[in-house]
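My notebook is open, and I am going to look a few things up, one entry at a time. Come along and check each one on the screen.

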Amino acid sequence: MTDVATSARLLPANLCHVSEVTMPAQGLDAVIVGVGRAGLGLHIPVLEKVRHHSAAASPFGAVVGLVDAVEAGTRRGLHRLEYDYGYDPRRISCATSLAELKGVDPDHTVVHICTPAHDHASALRAATEAGFRRIIVEKPCAANTAEVDEMRRIADQTGAGIAVINPYLYSRSVASCKDKIEAVGRLPHYLEFEMSKPRITPTLAGRSKPESVMDVEMPHQIATALFLTGAQRYRLLRAEVRHMHYREVDTEPCRVVPNMGVGIVVLELDDCIAVLVSSLDALTRTRVLKLRFPNSEHIEAFLPVTGDDHTSVVIEYSGRNTDGSTEQQRVAKLPDDMLARCLFDTYSRFATDSPQISDLTFNRKVVDVMDKAKTFARIRR
């Protein structure tokens, strides 16, 4: 048996209870379903980071299977595993469906569903029919609440454990904001979370086809707001979507991509008003979370904006300066590799049969807010 405590550094402060459990000496293996940007570009590299940084205490063993509807996808994934991570391709099972996957033990394997949201319920059903009972689903967990309910029925019938990827719940800066709420003893009266990034090239090229801006970063923002406030009551006050506009020179006609420019959601979360803004045609990357309390205290968190930098900056303000401005109380720079902590904790919980933080019950609220926001903003289904 190996103690997870040696790798607790991968976890934010409010999740250190994971370090109190003992892990099997052999970590759980992984099957990646959907070898695209999420599966090949995010899940596999971060799993390998967890394995190498955690050494003997890693809850993750190895990638043992690749599933993609297009055979070229599995070939691409196999090539990446061999040349980037030193895998023997003969030891990895590849298939175009989970039913055809051979030589993988479901009892010691986690299935990663990295397909589009509208396919998650059917992929979950296929995974459980193939005998798998530990399943990770990419965000958003489904296209609508009806599909989340169908996923819950499948889980109840089969006893499958399901975790949804929500890395911001594992951010150390988000944990600092949660600690601030507990220290103040009440919810902030105002929460603002802005995520902006230039996503123009892949959108114009059609390399991925989300329904709207609401499907890209907004699930993260909604989940973070619900997690921070722990709101028992939530109500949509406003939702708006703007088109993406682009032209290289003034003489060219403007290209318009419907519903892919800016998304705005305003929520009432118990006694807190949350304003969530996501821009996909911005010139710069921004991920800023702000909480303001009635007693003039507030906190700002500047989260990592690229996959190459895993540092957050948290600034706390308290009281007033003589000129009337708010006084800075603390500035902290925090290592903040959110997705690594997310997968480390998720695998640890699967290995020890512990409840997941980002489960279907929590994510049904996220999808419900998205459903209502799309209807409010008149996004055509």
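**Entry 1: a pair of strands.** I began with Val33, whose bridge partner in S6 is Ile113. Strand S3 (residues 28–33) pairs with strand S6 (residues 109–113) in the parallel sense, over 5 bridges. For my own reference, strands pair if DSSP finds at least two bridges between them. Helices (H or I, at least four residues) and strands (E, at least two) are DSSP runs, numbered from the N terminus. I also noted that strands of a sheet pair through backbone hydrogen bonds, either parallel or antiparallel.

**Entry 2: ground rules.** This is a predicted model, where local features need pLDDT of at least 70 and side-chain atom pairs count only at pLDDT 80 or more, while totals for chains, interfaces and linings use all residues. Residues are numbered from 1 along each chain as its sequence is written, and side-chain values use heavy atoms, leaving out hydrogens and water.

**Entry 3: the sheet.** In what order do the strands of the open sheet of 6 strands run? I read S5-S4-S3-S6-S7-S8, with parallel pairing. Strand S5 (93–95) and S8 are the edge strands, each pairing on one side only. On average, neighbouring strands of this sheet are turned by 25° against each other, direction ignored; the axes are lines fitted to C-alpha atoms (for helices over the stretch in contact), with angles from 0 to 180 degrees between N-to-C directions.

**Entry 4: S9 and its partners.** S9 is joined to strand S12 (residues 272–279) by 7 bridges, and the two run parallel. Here Tyr190 has Ile273 in S12 as its bridge partner. S9 is also joined to strand S13 (residues 281–292), by 8 bridges, and these two run antiparallel. Leu191 has Leu291 in S13 as its bridge partner.

**Entry 5: aromatic pairs.** Rings of Phe, Tyr and Trp (its six-membered ring) pair if their centres lie within 6.5 Å; planes under 30 degrees apart count as stacked, over 60 as edge-to-face and the rest as tilted. I counted 2 aromatic pairs by this rule. Phe60 counts as buried at 2% relative accessibility; buried means under 20% relative accessible area, exposed over 50%, and partly exposed in between (1.4 Å probe, protein chains only). Tyr347 is buried at 0%.

The rings of Tyr168 and Phe193 have centres 6.1 Å apart and planes at 70°, so this pair is edge-to-face too. Tyr168 sits in the loop between strand S8 (161–164) and helix H5 (172–184), and Phe193 is in strand S9 (residues 190–198), 25 residues away. Are they buried or exposed? Both Tyr168 and Phe193 are buried.

**Entry 6: Thr203.** I found Thr203 in helix H6 (residues 200–205). Its relative accessible area is 10%, so Thr203 is buried. Which residues does Thr203 touch? Not counting residues up to four places away in sequence, Thr203 touches Met244, Val257 and Met260, where contact means heavy atoms within 4.5 Å.

**Entry 7: the whole chain.** The protein chain has 9 helices and 16 strands. Of its 381 residues, 54% count as buried.
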